[in-house]
Amino acid sequence: MAEEVVKVESRTVDPAEQQMLKRAQAEGIETIWDRADKMKPCPIGSEGACCRICSQGPCRVPPPKKAKPGEEQKKQAVGVCGATAETIVARNFARMVAAGSAAHTDHARGVAHLFKEVAHGRAPGYELKDAGKLRAIARDYDVPLSVGEGDDKKSRSKEEIAQDLAEKVLAEFGQQSGELVFSSKRAPKKRVELWRGLDVMPRGFDREVVEIMHRTHMGVDQDYKNIIHQCTRCAISDGWGGSMLATELQDVLFGTPVPVLGDSNLGVLKEDHVNVIIHGHEPLLPELINAASQDPEMLEYAKSKGAKGIQLAGICCSANEILMRHGIPVAANFLGQELAIITGAVDAMVVDVQCQFQALASLVKCFHTKLITTDERGRIEGETMYIPFDDHHGPEIARKVLKEAIDNFPNRRAPVIIPEQKYPCVVGFSMETIRYLLGGSIRGSYYTLNDNIIGGRVRGIGGVVGCNNVRTLHDNAHLSMVKELIKNDVVVLTTGCNAIACAKEGLLTPEAAIKYCGAGLAEVCETVGIPPVLHMGSCVDNARILLAAAACVRAGGLGNDISDLPAAGAAPEWMSEKAISIGHYFVSSGVYTIFSAAWPTTGSEILTDYLFHGLESELGGMWDFELDPVVAAQKMIAHIDKKRAALGIDKARERVLFDMAMRREMETATGGE
Ligand code: NFS
Ligand code: SF4
């Protein structure tokens, strides 16, 4: 290769992926890092200061350079129509919220449709697995669980309940007025009242997204605060709506996650097995591919082609879904998708929607890998094959996909190089599991967690989530931030690509507590037997974090709203529009939320100040940005301490730290461990 070879250590901190990057360099295979080097981000676009929503533009309104002494300060430009930087930047931000929310809600739509078909017995291969959760959701939606009165009272079957529930949830997509059920019933009472007072209760999933698109059309909403107001309503409809619905219905269909052991990193691939990568976001088909991969007939077929078995492994959020529920190993997060193929060992990569590089289509041509698209919304030009998923023929389709992978096993041509790195992880911390583990079967509440927070052993809660971003050293910000938090006794709840980064680093094991945590958190983790970083699932499962926060509020002792909790959120390597929607629903729920990597509103100081400071007085939560992940973690801790002080529990922590120091001193003095 003529190009200068870039040090792989400057691209990713993951040794397995470094090895694959070296292979790519040696063989002249292009990856996302090479493309990023060639593509300089547009400075005006990255500030959000470019408007191209009508053909009189594009209009660029970046902040003017600071005037030199004696010079007159130039004013910020406005668009041809007079749109100010505030309007333009807010519009761009709003469209990110709309796209992110749409992605989550459209995911929920697919799940809801499948749920309906399962309820009517029209979707072979699926069942209503978690009847308890089904009833809990039905109660929220006022679906009767029984019929008749007195002695004639009869419980309704799961199917009957699910049929009614399906109609009600599907109706919420096109609902025009009123409130969404989860937003009004599952958020803390005080939060709901606040939202009602601000008039940001979402009315219908689709309506809120469409309204952002309308308001940000040329010449409509040109008041930045009013645009952000609609962002808030739309984001709530994502977190306390679409995402929550996707998570809850998936739990009913596939089971609510409980702790399970899994493996992570590229070392999970097996040279002598048919390797199938599940990549994307929706677990509907992957659930059946998993079932099919255990079918003796399929295994026989794999053997007939010379393979010892079938190895499934995940990438991105589909990975998190099947890892959480079945312990299927996770091969990589977002930035590792090409590197998995570069092992030469992947016989098929099965994708559905979201976060899939178009570059996969050309990359698979360098290897034998089949790129199989499975969703009509997510085709890729140049894909090897399109096998559309359909609710009514799931098992057949799953077998067809697997058969394609098996048939491809004998076609491997490049030498197979599988990195040896493989790390165990304990995952499956749904909101219910945390309640069970920390509350025990008797109390079954979040009170024990609260008690530990009040007592000071646990300083607070950090939700660290989100993507990878090729503009930052891969996984570095995730790991530095999480380590800084747990070192300071902040328990971390994680999802998405952050969770995978943590898995690959061994942070999702109980042993990590002793190695990385402050004494208080280490003690709690040791007593309960949990990792200090709790994997709660995929990105739609960020709704689980909201539910956990609501449960903390309900358990008592830590104020009466999410904004009172000593908690903070972060996405240190974010890149997708979904992350902006997620961040904004955390902010709207009362959480201090800090992003690293990049910030999309720097084109307007006024708007940025509103998001970072102004929103706090309205919503109790606010955005923040900090490039350095460790400093960002410290800012989260400062916020947590501010909330501890407001709750009057800051003294307790000082006592705990004092006791611990005393005890340690005594132990050293007596030679104890
Ligand atoms: Ni979330 Fe999942 Fe990863 Fe980011 Fe993409 S996989 S939905 S968007 S990149 S965390
Ligand atoms: Fe320019 Fe206004 Fe058209 Fe945007 S809407 S491109 S600011 S003229």
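This is a predicted model: local features need pLDDT of at least 70, side-chain atom pairs count only at pLDDT 80 or more; totals for chains, interfaces and linings use all residues.
Biologist: What makes Cys-51, Cys-54, Cys-59 and Cys-81 one group in the UniProt record?

Modeller: The unreviewed UniProt entry covers these four cysteines with the annotation "binding site". They span 31 residues in sequence, yet no two of their C-alpha atoms are more than 10.7 Å apart, so they gather at one spot.

Biologist: Where do Cys-54 and Cys-81 lie?

Modeller: Cys-54 sits in the loop that joins strand 1 (50-51) to strand 2 (59-60). Cys-81 belongs to the loop between strand 2 and helix 4 (85-119).

Biologist: Why is Cys-54 called partly exposed?

Modeller: Buried would require under 20% relative accessible area and exposed over 50%. Cys-54 has 25%, so the value falls in between and the residue counts as partly exposed. Cys-81, with 42%, is partly exposed as well.

Biologist: UniProt also gives a "binding site" at His-281, Cys-317, Cys-355, Cys-467, Cys-497 and Cys-539. How do you know that they gather at one spot?

Modeller: The entry is again an unreviewed one. The six positions span 259 residues in sequence, but no two of their C-alpha atoms are more than 12.9 Å apart, so they gather at one spot.

Biologist: What is Cys-317 in contact with, leaving aside its neighbours within four places in sequence?

Modeller: Its contacts are Gly-280, His-281, Gly-496, Ser-538 and Cys-539. Two of these, His-281 and Cys-539, are also positions of the annotation. Cys-317 itself lies in helix 13 (residues 316-326).

Biologist: Are Cys-317 and Cys-467 buried or exposed?

Modeller: The cut-off for buried is under 20%. Cys-317 has a relative accessible area of 2% and Cys-467 one of 7%, so both count as buried. Cys-467 is placed in the loop between strand 13 and helix 19. Leaving aside neighbours within four places in sequence, the contacts of Cys-467 include His-478, Cys-497 and Trp-574.

Biologist: Which domains does the assignment give?

Modeller: Domain 1 is 85-146 + 156-254, domain 2 is 266-411 and domain 3 is 431-670.

Biologist: How do you know that domain 1 and domain 3 are in contact?

Modeller: Contact needs heavy atoms within 4.5 Å. On that basis 39 residues of domain 1 touch 39 residues of domain 3. About 3200 Å² is buried between the two domains, and carbon and sulfur atoms give 69% of that area. On the domain 1 side, Phe-93, Met-96 and Arg-191 lose the most area to domain 3, together 20% of what that side buries.

Biologist: How many salt bridges and polar contacts are there between domain 1 and domain 3?

Modeller: There are three salt bridges and 13 residue pairs in polar contact. Helix 4, helix 8 (189-198) and helix 10 (224-254) each give two or more residues to the side of domain 1 that touches domain 3. Helix 10 gives the most, with 17 residues.

Biologist: Why is the pair Arg-544 and Asp-251 called a salt bridge?

Modeller: A salt bridge requires a side-chain nitrogen of Lys or Arg within 4 Å of a carboxyl oxygen of Asp or Glu. The closest N and O atoms of Arg-544 and Asp-251 are 2.8 Å apart, so the pair qualifies. Asp-251 also forms a salt bridge with Lys-133, at 2.7 Å. Asp-251 lies in helix 10 and Lys-133 in helix 5 (residues 131-140), so this pair ties together parts that are 118 residues apart in sequence. Asp-251, at 0% relative accessibility, is buried, and Lys-133, at 6%, is buried too.

Biologist: What makes Asp-142 exposed?

Modeller: Exposed means over 50%, and Asp-142 has 55%, so the residue counts as exposed. Asp-142 meets Lys-185 in a salt bridge of 3.6 Å, N to O. Lys-185 is partly exposed, at 40%.

Biologist: Which residues are linked in a network of salt bridges?

Modeller: Among them are Lys-133, Asp-251 and Arg-544, along with Asp-140, Arg-186 and Glu-248. The structure as a whole holds 51 salt bridges.

Note on methods
Residues are numbered from 1 along each chain as its sequence is written. Chains are lettered from A and ligands numbered from 1 in the order in which they are written. Side-chain values use heavy atoms; hydrogens and water are left out. UniProt positions are given in the numbering used here, feature names are shortened, and annotations may be inferred rather than shown by experiment. Helices (H or I, at least four residues) and strands (E, at least two) are DSSP runs, numbered from the N terminus. Buried means under 20% relative accessible area, exposed over 50%, partly exposed in between (1.4 Å probe, protein chains only). Domain bounds come from an automatic or database domain assignment. Buried area is the accessible area (1.4 Å probe) that two parts lose on being put together, summed over both. A polar contact is a pair of N or O atoms within 3.5 Å; within protein, one must be able to donate a hydrogen and the other to accept it, and residues adjacent in sequence count only if both atoms are side-chain atoms.
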